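Here is a report on one protein model.

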Amino acid sequence: MKFKNIEKYTFVEDKHRQYLEELSEFVKQSEYLPKYHIYPKSGLMNDPNGLAYFNGEYNFFYQWFPFEPNHGMKHWGHLTSKDLLNWDDKGIALTPNMEYEKNGCYSGNAIEKDGLLYLFYTANYKTESGKIPKQAVAIMDKAGHIEKYINNPIIDGAPVDMTGEIRDPFVFRKDEKYYMLLGAKSKKEKGALLLYTSEDLLKWDYMGEISLPIDTGYMLECPSFIEVDGKDVMILSPMGLEKEELKYQNQFSTLYLVGKLDIENMKFDLEYMDEVDSGFDFYASQVFYGKGNKPMMVSWFGCGEQDLPTDKEMWKHGLTMPHDLKLVENRLCNFVSEELNDLFNDKNEFNSNIIKTKSNYYHIQFNMRKEDENTWVRFGNEDDYWELNFDFDKNVIQLDRSNLKLKVDINNGLKRCTEGLNKEEYKVDIYVDNSFVEVFINEGMKSFAFRCFNLNNEEHNIHFTNENKGSINYYNK
């Protein structure tokens, strides 16, 4: 089809509908499409936004520039599901058509109050002298009708010691009060976490900066807060962390902090922290309470601005599967929500060192044991594969995609390593969804999310160092 050259700060109007439908049909022909990950109908998808279980169903919103696979005027897309398995596309939820959001509706979260879902977001507003930070809210009723608050923006401008880089509101309720976290960059070029409070979700008072016992880089993005197994968990995405041998290898990082948020003293008392994920393509996690008040998380299946093979197919990135959260040994475990196991009902046991797959949509389970001398498993063909490697002696787990023919991360390196768990046996779950792969070690105590473009053929090998046993469960929905 013939692609149109549309200016990047264009919001969607009725005159664009037919072209976007044509783009969507073009994207459906992509050889790299997943079956059980959320991806954009066209254009670029990034941060998950406004995640909520509301009115008996899941509501997932997401950042979206629908015209091309690049960053541009961000809208909010909207999907709903009753079971996390079947999704209804509700189209565009927020269109940046007001003056105060003239450069896009950026990230934020959702909270329910009095039978309504409040959608908080950053109204992106750029001037020749820099950004003027503005936070806004829209309100959705149970019929799905969304209306922006007439007195937006609800927060306009920056505290005196902050720059205009303030964004990504996360609103939560604690001790009968409402609070808002905002990621920020101070005038000292340091990442900062700001706190506001409100009685009614509409009028907000600034409380100050929360003291954090970590390196916050030069900018803090996408803060999230949730209670898991009786402890406070904060998710933060700092930009500019210095790379370490086993951590912070991506362009940007996402961390979790376990401990206690002390609002009275404006600090977080830390018990444990780590990266949320050690893969190549993972950022901007958002936590929320799912059905039955279950702590959950979804993240952006992307990181950085590398070119991808899907760019020429006019779509880019996606979201991770929904993850359940729990604490084990004070670590945050993020593991695929149990409902998603119903997607895989073609189970095949194996006891071999080589498996020939019959499709590239599956969930494979196995153990890697030091005593069996199984140290690696490879996915692909002889000259085109990625590898998961376990160094039991050095206590290191490594994901290596340097042997893939089609490389997509030349600027960011080809391997990702993480400190292991000091175990002599690991339970491994790997979800392959064509070009989307999620790897979980010991049910999410460690994980690797990454894109892979060698598996679009119908058959490839899974090759263990030595004979191994487990099960491969094919997607069969």
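How many bridges join strand 18 (residues 255–262) to strand 19 (residues 267–275)? Eight bridges do, and the two strands run antiparallel. The model is predicted: local features need pLDDT of at least 70, side-chain atom pairs count only at pLDDT 80 or more, and totals for chains, interfaces and linings use all residues. Residues are numbered from 1 along each chain as its sequence is written, and side-chain values use heavy atoms, with hydrogens and water left out.

Strands are DSSP runs of E with at least two residues, numbered from the N terminus. Two of them pair if DSSP finds at least two bridges between them. V258 stands opposite Y272 in strand 19. The hairpin of strand 18 and strand 19 has four residues between the strands. M266 takes a positive phi near 55 degrees there.

Strand 32 (residues 436–441) and strand 33 also run antiparallel, joined by six bridges. V437 stands opposite F450 in strand 33. This hairpin has four residues between its strands, and N442 in the turn has a positive phi of about 50 degrees.

**Burial of strand 33**

Buried means under 20% relative accessible area, exposed over 50%, and partly exposed in between (1.4 Å probe, protein chains only). Strand 33 spans residues 446–451, and six of its six residues are buried, so the strand is largely enclosed by the rest of the structure. Both of its faces are covered. K446, F448 and F450 are buried on one side. S447, A449 and R451 are buried on the other.

**Aromatic rings**

Rings of Phe, Tyr and Trp (its six-membered ring) pair if their centres lie within 6.5 Å; planes under 30 degrees apart count as stacked, over 60 as edge-to-face and the rest as tilted. The structure holds 36 aromatic pairs. One of them joins Y53 and Y58, edge-to-face, at 4.8 Å centre to centre and 65 degrees between the planes. Y53 is partly exposed, with a relative accessible area of 24%. Y58 is buried, at 1%. Elsewhere, Y36, F335, F344, Y431, F440 and Y475 form one aromatic cluster.

Lysines also sit over rings. The rule asks for NZ of Lys or CZ of Arg within 6 Å of the ring centre and within 35 degrees of the ring normal.

| Charged end | Ring | Distance from ring centre |
|---|---|---|
| K74 | Y106 | 5.7 Å |
| K134 | Y125 | 4.8 Å |

Contact means heavy atoms within 4.5 Å. Y385 lies in strand 28. At 13% relative accessibility, Y385 counts as buried. Leaving aside neighbours within four places in sequence, Y385 is in contact with R378, F379, G380, N403, L404 and N454. Y385 and N454 are 69 residues apart along the chain, yet their C-alpha atoms are separated by 7.1 Å.

N395 sits in the loop between strand 28 (384–391) and strand 29 (396–400). N395 is buried too, at 11% relative accessibility. Not counting residues up to four places away in sequence, N395 touches T418, E419, G420, L421, N422 and Y426.

A cavity is a set of points, on a 1 Å grid over the protein atoms alone, where a 1.4 Å probe fits but cannot get out; lining residues have an atom within 4 Å of a point. Volume is the space filled by probe spheres set on the points, which are joined across faces, edges and corners. By this rule there are five cavities of 30 Å³ or more. The largest cavity holds about 90 Å³ of space. It is lined by 15 residues, of which N250, E275, D277, S278 and G279 lie nearest its centre.

Technical notes
On a 1 Å grid over the protein atoms alone, a cavity is a set of points where a 1.4 Å probe fits but cannot get out, and a pocket is an open set with protein on both sides within 12 Å along at least five of seven lines; lining residues have an atom within 4 Å of a point.
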